[in-house]
Structure formats: C-alpha cells, structure tokens
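Please look over the sequence and structure before reading on.

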Amino acid sequence: MKLSFFILSKRSRKKREGDYNLKTKKILILGAGAAGTIVANKLARDLRREIARDEVEITILDKSDMNINQAGFTFVPFGFYTPDDIRRPRRKLISPRVKAIFGEDGEVARVDLENREVTVKSGKKYFYDYLLIATGCTQDVESVPGLSKDFNTFYTSLEDTLRLKESLQTLSKGKIVVLTIKMPIPCPGAPAKFTVLLDDYLRYVKRARENFDITFLWPIPTVGPPPYNSNITKAFEERKINDVREFKFSEIDAEKKEVVSADGERIKYDFLVTIPPHKGIKALYDSGITDENGWVPADKYTLQYKKSETEKHDEVYVAGDAGPLEILKTGVTAHYQAFTVAQNLIYDVLGTGDKVHYLGNVGCPYVGSTLTPDSRGKAFLAVWSYGLKPRPFVPTEAGWYFYRMYYYIYWDLTVKAII
Ligand SMILES: Cc1cc2nc3c(=O)[nH]c(=O)nc-3n(C[C@H](O)[C@H](O)[C@H](O)COP(=O)(O)OP(=O)(O)OC[C@H]3O[C@@H](n4cnc5c(N)ncnc54)[C@H](O)[C@@H]3O)c2cc1C
C-alpha cells in the first residue's frame, strides 16, 4: 500500500514536471505600503496553487513592520481619527503565503536591474525573476532654506502630525499660513482639505475663528483639475481664507516669522504649516535607475520599467508614488495601479502572454465641509483617467459619510485586495 502510494505520488510529480516549469519563479516586491501590500495579497490569492506547489515564491520587503495610512494624517490633528485608526501591523495585513521581511533585512539599499539583484541594509541580497518597485516617496526638508528651523507638518509622519495637533490646541489667536512649496506632492488635494478642516476647527471647536487669519500659499495656478479647483476656490472665498496661487517660494525667515517669495514679498505668520517638497527614495536614486528626482520611469500603460527606448526591463514594474513624475500620486492611483500590475504579474508567471493596461485612473477626495452644528459634512471623490476628464461635481453628505467610513474598510477590503 505504502509502496503504491509512493509510486503514484512520484508519477503525479512527473506529470506535474511535464505540465509546469518546476523552477520556482521569484516575485520580489519592494515596499509594503498601499500599492505593495495590495499586489502581494492579490498574487497570494490568485497564485495560491502555484505557491503551494513551490512554482512561485512571493517576497515583500519593507524597512518598517507598521503600515500607516498617510491619508489619515490630514484628519488626525482635528480628532477625526486616532493613531490606531490609521495604522496596522503589516503582519496582520499581508497574506501568510507571502514571505514578508521587515527591518534591516527589508530596507532596500541598492537595486541592480541588470543582475536582477536587490541588496538591503543588512547586506543580504535577494534575487528575482519579477520585481515590483513600490517604495513610495520621501520628503526633502533640507533643500528648503529655513524650513528645519520652523517645521510643523502633517505630511511626514504620525509623530509630526500628533505634534501639529498639540500645537494647534495651544493656539488662541494669530495668523496661520499653510504653505505648499512645490509639486509634485502625494495627494495634491490634501493641503486644501486640511485648510477647510482647520477653518471648521477654529470655528466650531475653538469657537474663535474671528481671532485667526488663514492664508493658503500654493505654488501653481489651480488646486487639482478644473471642477476640483472651482469648488475649493468657492469654499475658500466663503470661508474668508486668503487664497494665494502661483506663490513662488524662496525661503522661510524663521527669526522674523516670515515666508519670503522669490519676488521679495514677505508674508508674516504666527504659526506656519508646511508641505515640504517630495522626491523618490535615495536607494533607488543611488542605484541609478531613476530620473534626477528619484522617480522611477515607466511605460504609462503597462507600468513596466522604461528609462528610454533602449533602457527598459519588462520584468520590472512600478506602482504608486514611486512611479513617473507625470502620474498623479494618490492612494487611489496606487490602488488602481496595484490591481493592474498584479494581474500582469500573474499573466507573466503563468506565461499566458496577456497584458492589461493601466488607463490613467486617478482620484482625489474633496472635502467641502465637516460635520458641524451648521453642516452635515460634504465630500466627493473626484476621479479621472487618461481619456476621461473629471466631471463638474457638488460635494454631498453621502460623500462625507463614505469618506469617513472608508478609512475603516480600507484595511479589510482595499489593502487585502478584495476591492
Ligand atoms: C498627508 C497626506 C494625505 C493624503 N491623503 C490622501 C487621500 O485622501 N486620498 C488618497 O488617495 N491619497 C492620499 N494620500 C496619498 C497616499 O497616501 C499615497 O499616494 C499612497 O500611500 C501611495 O502608496 P505607495 O504604496 O506608493 O507608497 P506608501 O504607501 O508610502 O508605501 C511605500 C512603502 O515603502 C517603504 N519604503 C520606503 N523606503 C524603503 C526602503 N528603502 N526599503 C524598503 N521599504 C521602503 C515605506 O516604509 C512604505 O511602507 C495622502 C498622502 C499624504 C502624505
């Protein structure tokens, strides 16, 4: 009996050898944020049989073991979400079918596309057949004259966001300036959203809006596409927020508490909130695989690595904020791209020869007002794509409730690649 079982299982293994290439195909994912985690979980589910048969191995690397939903940073200073609402240990989010490696063994130090090799901080090396770069982006505070001497922000980390919350609580009057230095930034709607939330907070929580002056300094003519821009322009007018567009930043004079423009204009502040410039991560830049600001070049439809017509790697994909400068950096973008890339990795591994295209789907949530004694809260998700302009919209109460709720369902539906 035992012998026949051994012969049978040997035979079925032989049959499998005929059916499949038994060399394990290695998919390596760099970065376990929004995009990386969605891709890992979709692959883990759709390739579960191949993983069980050791035909496919999925590894994901990240420098930290905690996933933080940065979109929550805009709301934390005003008490809409707590730190625990917007963070989860990565181990609870990533399928056990995926090898997840965090800390120094997961912190990418160098990427060698020619040799298909990634080196991490500890010196360990990982080899791959397919690579996904999803390492997001980072802030460039040092490049901004004067910023490190007076830096309050909700754009960098949960710690900085909580510090900002405390500072806002202590303010009783004065001029608050919300300064965005330059594009690109992740979620270019967030500074305007923050300013609306700040206005409501001063009106309805502090009940002292008349003691404050709010100025919004913005580097380009519009905030988002035309329908987004017209809504926010109107909201700022109604709220008496000083709305300064095309502000050409030069430096922060922290001694005098002034923001100085390139034309020499000096804007006084009592409290400054700054959205710093962003760039791709240093390890990728140092590896020589990015543009001059660290963004990873890719074909805008397939998201496969493409620096030039001759310098391309079809086995390398990029998703999320790490990607090309031209594609808007939002969580909604990362979500759409992650599904496209995951499906193409599945096709690649199974050798079907198929390809799905990313059609430029992006989105930016708009907040017109929060839930206050005078308003039920109004929001809207503006979406568009390469071929589809965003439609004119009016923010709705349903939009506000959905947006508030989304931060909870995000963990169980989006990140787990269910929707
Ligand atoms: C204040 C703020 C508000 C926002 N609001 C919204 C919003 O309302 N809606 C929306 O759609 N989007 C919003 N966004 C944008 C959204 O958060 C990002 O677009 C999204 O997180 C991008 O996903 P990603 O996977 O590309 O990057 P991330 O989620 O940032 O993940 C990148 C991962 O790479 C890891 N990593 C970095 N360097 C290394 C390294 N060397 N080695 C290993 N791992 C590394 C990081 O630890 C991180 O886990 C907001 C962003 C901010 C900052």
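The largest cavity is lined by Gly 320, Gly 323, Pro 324, Ile 327, Leu 328, Lys 329, Thr 333 and Gln 337. The model is a predicted one. The points below take up the cavity, then a pocket, then the surface patch.

**Cavity**
- The count of cavities of 30 Å³ or more comes to one.
- The largest cavity holds about 30 Å³ of space.
- Its lining is made up of three nonpolar, four polar and one charged residues.
- Gly 320 and Gly 323 are among the residues of this lining, and Gly is counted as polar here.

**Second largest pocket**
- About 420 Å³ of space lies in the second largest pocket.
- The lining of this pocket has 24 residues.
- Nearest the centre of the pocket lie Glu 326, Ile 327, Leu 328, Lys 329 and Trp 384.
- By class, 16 residues of the pocket lining are nonpolar, four are polar and four are charged.
- Ile 327, Leu 328 and Lys 329 line the largest cavity and are also among the residues nearest the centre of the second largest pocket.

**Surface patch**
- Tyr 301, Leu 359 and Tyr 386 make a nonpolar surface patch of about 270 Å².
- One of these residues, Tyr 301, sits in the loop that runs between helix 7 (282–286) and strand 19 (304–306).
- Tyr 301 counts as partly exposed because its relative accessibility is 34%, which falls between the cut-offs of 20% for buried and 50% for exposed.

Terms used. Residues are numbered from 1 along each chain as its sequence is written. This is a predicted model: local features need pLDDT of at least 70, side-chain atom pairs count only at pLDDT 80 or more; totals for chains, interfaces and linings use all residues. Side-chain values use heavy atoms; hydrogens and water are left out. Patches are made of residues with over 30% relative accessible area and no salt bridge: like charges are joined within 9 Å, nonpolar side chains (Val, Leu, Ile, Met, Phe, Trp, Tyr) within 5 Å. Accessible areas come from the Shrake-Rupley method with a 1.4 Å probe; for residues, only the protein chains shown count as cover. A salt bridge is a side-chain nitrogen of Lys or Arg within 4 Å of a carboxyl oxygen of Asp or Glu. Helices (H or I, at least four residues) and strands (E, at least two) are DSSP runs, numbered from the N terminus. Buried means under 20% relative accessible area, exposed over 50%, partly exposed in between (1.4 Å probe, protein chains only). On a 1 Å grid over the protein atoms alone, a cavity is a set of points where a 1.4 Å probe fits but cannot get out, and a pocket is an open set with protein on both sides within 12 Å along at least five of seven lines; lining residues have an atom within 4 Å of a point. Grid points are joined across faces, edges and corners, and a volume is the space filled by probe spheres set on the points.
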